Structures are given as structure tokens and as C-alpha cells.
Amino acid sequence: MKKAKVDPFIFWTSIFAIAIVTVLLVINRSTAEPYLDNLMSSITFKMDWAFQFLTFGLFIILVWLAFSRYGNIKLGEGKPEFSTFSWGTMLFTAGMGTSIMYWSMIEPITYFSGPPFGVEAEGKEAAEWALTYGLFHWGISAWSLYAFPAVVIAYTYFVKKRPSLKMSVALSGALGKYADGWIGKLVDILVIWSLVGGLGTSLGLGVPMVSAVVASILGIEQTLTLDAIIVICITIIYSASAFIGLHKGIRRLSDINVYLALALAIFVFIAGPTLFILTYFTNSFGMMIQNFAMMSFYTDPIAQSGFPQGWTVFYWAWFAATAPFMGLFVARISRGRTIRQLIVHMLLWGSIGGWIYFGVFGGYSMNLQLQDILPLNEILNTSGGPATVVEILNTLPLSAIVLPFFVILALIFLSTSMDSATYILSAIATKELKEGQEPARWHRMVWGSILAIISISLLLVGGLRVVQTSAVVVSVPIYIFYLLLIVSLLKWLKQDFPKQQ
């Protein structure tokens with residue numbers, strides 16, 4: 001099979017655009033940061049209804065697709081390329097990263113101090129909503145935003161036989177000839193930017209958290225140099241994984257990641273207040289199911305607390321911004337599956353993984369707070385999230401072993417997200433990628449190096465947050481992509497599988 005050729009226009013334009021925009025944002029970050037923050041607030045407050053209808057609507061469409069006659073459509077020929085377990089581990093690790101490790105401990109404490117629906121802060125009702133909202137934000141709604149692009153891109157790649165992993169190709173049903181012109185190129189470059197910025201968000205959460213834990217283990221001060229060393233370690237791991245390839249590298253690293261993640265969750269579950277974790281999760285899960293529709297459409301227009309805009313709508317915008325990457329990656333690894341399998345497994349693997357982590361770590365953290373073992377809300381307000389994570393981990397039995405284990409797991413979690421991203425960045429900037437082909441190794445290494453250089457540079461100059469915010473702002477044009485994806489898929493299904501008379 002011939003080697004996959006690079007698309008020079010997308011490759012060079014993307015690199016040039018990333019370099020220019022990153023440098024401009026960093027140089028002008030004192031003015032760019034408040035401007036982007038205001039823009040982000042404007043998006044979350046003025047488009048709250050739009051993101052909420054989109055997210056809920058996608059869930060309805062996915063359920064309809066899965067259980068309609070279209071659910072039996074097979075994506076590609078032959079047996080599935082990966083075992084169900086490895087397929088599921090790659091789905092989960094690519095989508096979650098260290099974000100789930102961080103927010104499963106921090107988010108419930110934050111909601112306890114600033115609850116929704118006008119509930120009294122730090123009261124009994126606030127404690128009940130604290131875990132409920134975490135389960136909601138990291139559950140089926142979030143994975144619906146990921147799953148729909150995956151279905152359309154997989155359909156384009158395996159059923160329509162368009163040998164290219166690009167968002168522009170998936171939109172061609174709606175865009176027609178414009179998908180091959182400058183509009184299509186612009187779409188792909190925008191997706192690359194949203195992916196680079198989304199990874200910046202993962203690094204912005206993950207690296208300081210890992211750095212704080214390492215500093216605690218070694219008894220040293222957390223510094224930018226330590227952050228940079230951690231980024232270099234992550235780069236070595238994900239570059240090696242991406243270089244080896246999808247089967248021997250990314251798949252194996254994802255398998256190891258899930259085994260370690262489960263091991264840590266099981267340890268905390270057994271070593272912690274097991275009965276409280278079980279009953280607290282059960283109660284919160286019931287509240288989430290009972291109030292799912294209300295939480296999905298909650299905008300708080302009367303009291304205007306800003307809770308749904310600051311959390312729910314921000315999350316939907318963040319997941320939407322990174323959804324093209326997830327769609328492209330999941331489509332690539334889903335050969336041999338049916339549309340029904342793809343939808344059900346994405347919604348279930350992702351949601352159950354998130355619920356397990358929130359149930360265990362959120363329950364453990366809230367128990368520390370509610371039993372007055374550790375004033376986590378005060379620590380969070382005074383010292384920040386990474387320091388709070390360290391304090392939580394230090395309360396566990398065998399913390400001398402748990403802390404290094406946590407660091408290893410976090411490094412692998414970050415690496416699995418990055419190697420999946422490196423693979424997809426190189427795929428987008430490749431002209432054609434037929435079944436069985438992979439992007440050129442040197443191409444994967446180039447994107448790996450670019451991500452490392454950007455990450456270290458932004459950490460050192462303090463410009464990471466500006467790039468994160470700019471990436472979430474990209475969710476506005478990506479909102480339009482979702483509408484075009486819906487049009488494309490429905491058009492193709494009607495053409496390719498007309499109802500039998």
C-alpha cells in the first residue's frame with residue numbers, strides 16, 4: 001500500500017496559523033484575556049438555549065438512529081478491527097484525559113459551596129446536588145456531543161468510501177462542492193485549532209495537578225521548571241506511542257490506562273467510606289435521572305445566578321469544541337461495528353467511566369468535607385485545585401504509594417489523550433487515508449513536537465489560559481458544523497437506504 005501523502009496546504013497553513021495566533025495571544029494576553037473572557041461569557045449567556053437544545057436534540061437523534069433500521073448499517077467490512085475492550089478503552093481515554101481525575105474530586109466541592117436552583121450554600125440540599133450535577137455533566141449529554149460527529153464521520157469513511165479523515169468531507173453532504181474548496185480547507189484548519197486549544201485545556205488542568213503531587217512527594221516547591229519537566233515526560237510517552245502506531249502503541253497504552261484507573265478507583269472505594277460512597281452515588285444518580293430534563297434546559301432566567309451558563313453551557317461548549325477530534329478518532333477505530341454499536345458503546349463506555357470516577361472520588365471528597373475531616377472548600381478557595389487534590393490524596397491509607405501511583409496514572413491519561421490527538425492532527429493534514437493506512441510516522445512526530453513546544457512555551461510565559469479560552473470560543477462555528485452534520489447524515493441515509501416499497 002502506498003504511503004499516505006501530506007496535504008501541503010492544510011499542513012503548512014495550520015502550522016503557520018497556530019504559530020501566529022499563539023504568539024499574538026501570548027504577546028497581547030493582558031488585553032486578549034479580558035476580551036476573550038467577555039466573549040466567552042457572552043457566548044454562554046446569549047447561546048445558553050442554543051447549546052442546551054443542541055445537546056438534548058443530539059441525544060434524541062442518536063437514540064432514534066441506534067434503534068431504527070439504520071442502526072444495523074455496518075461501518076466497514078469484515079470483523080471489528082479491535083476487541084470490544086480495547087475499543088472501549090480508546091473511546092474513554094481519548095475523551096476524558098486527566099480532566100476526569102481532577103474534576104471528580106473538585107467539582108462536587110465547588111457545587112457544595114455554590115449550588116444551583118437558589119439552594120443554600122453548604123447545606124444538606126447543596127450536598128445532595130453536589131454529586132448529582134457532576135454525574136450529569138460527565139454523563140450521556142456530554143457523550144452525545146462526542147458520539148454524533150463520530151457516527152457521521154465513520155459513515156463518510158466506511159459507507160460512502162471517502163478515504164479521508166477530515167471534517168470537511170463529513171460536511172460534504174450539506175456543503176456539496178464547497179467542501180472541496182476554500183470553505184472545506186477553512187473548516188479543517190479551524191478543527192485543528194480547536195484540537196490544539198482543547199489539548200491546552202487538558203494540559204492546563206493536568207500538568208499543575210501532577211506537578212503539585214510530585215512536589216508533595218519530593219518535598220519541594222512547585223515551579224514552572226517542574227511543570228516543563230512533566231510536559232517533556234508526557235511528550236516522550238505519547239510520541240513513542242504515536243510512533244509505534246495505532247495497534248501496538250495507542251491501543252496498548254489505553255488498555256494500561258484503564259486498568260490503572262480502575263485499580264485506583266477500587267482502592268479508594270475499599271479504603272474509603274464504602275457504604276457512604278454507595279448510598280451517596282445511588283441517591284445522586286436517582287436525582288440525576290429524575291431531574292434530567294430540568295437540568296438539560298435550566299437557564300435560570302429569573303434569578304440569573306449564572307450557574308447554568310458558568311457550568312453546564314460552558315461544558316457543552318468545551319465538549320463541542322473538542323468533539324471533531326473525538327469524532328475523527330472514534331470513526332478511525334470503529335471499522336467493523338454497526339451504527340447501533342458505535343452509539344450505544346460511546347454513550348455507555350464514556351458515561352459509566354465518568355460515573356464511576358465521580359461516584360468514588362466525588363463521594364470520598366464530599367465525605368471528608370461533610371464529616372469535618374478536611375475543610376476542602378476552604379482549601380480550594382485559598383490554595384486552588386491542585387493543592388486540594390494533594391490534600392485529598394494525603395488522607396488515603398498508604399498515601400506514600402498512592403501519590404506516585406496517581407502521578408503515573410495522570411501521566412498516562414494525559415499521554416493517551418495526546419497520542420490520539422497527534423494521530424488525528426496528522427490524519428487531517430493528510431490528503432487521503434485509506435482503510436489500513438496510517439499517517440506517516442514523521443508527520444505524527446512533527447505534530448507531537450509542535451504540541452510539546454506550544455505547551456512548554458505557554459506554561460513558561462503564562463499564556464495557556466488565553467489559548468484555552470480561544471479554543472472554547474471556536475465552539476460557535478462548530479455549532480454550525482453540528483447542524484450541517486445532521487443535514488449531511490439524513491440526506492445520505494435517505495439516498496443510500498431508501499425505504500422498501
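A: To begin with a term, pLDDT is the predictor's confidence in each residue, from 0 to 100. This is a predicted model, in which local features need pLDDT of at least 70 and side-chain atom pairs count only at pLDDT 80 or more, while totals for chains, interfaces and linings use all residues. Residues are numbered from 1 along each chain as its sequence is written, and side-chain values use heavy atoms, without hydrogens and water.

Q: Where is confidence lowest, and where highest?
A: Helix α21 (residues 464-473) is lowest, with a mean of 68, and helix α13 (residues 274-290) is highest, at 97. Helices here are DSSP runs of H or I, at least four residues, numbered from the N terminus. The average pLDDT of the protein is 86.

Q: Which residues have the most contacts inside the largest nonpolar core?
A: They are W103 and M346, in a core of 179 residues. Helix α19 (residues 399-428) gives the most to this core, with 17 residues. Such a core joins buried Ala, Val, Leu, Ile, Met, Phe, Trp, Tyr and Cys residues through side-chain atoms within 4.5 Å; buried means under 20% relative accessible area (1.4 Å probe, protein chains only).

Q: What is W103 in contact with?
A: Beyond its neighbours within four places in sequence, its contacts (heavy atoms within 4.5 Å) include W138, W311 and F358.

Q: Changing topic, is A452 buried or exposed?
A: A452 is buried, because its relative accessible area is 10%. A452 belongs to helix α20 (residues 441-461), and touches V231, T235 and Y238, leaving out residues up to four places away in sequence.

Technical notes:
Buried means under 20% relative accessible area, exposed over 50%, partly exposed in between (1.4 Å probe, protein chains only). Helices (H or I, at least four residues) and strands (E, at least two) are DSSP runs, numbered from the N terminus.
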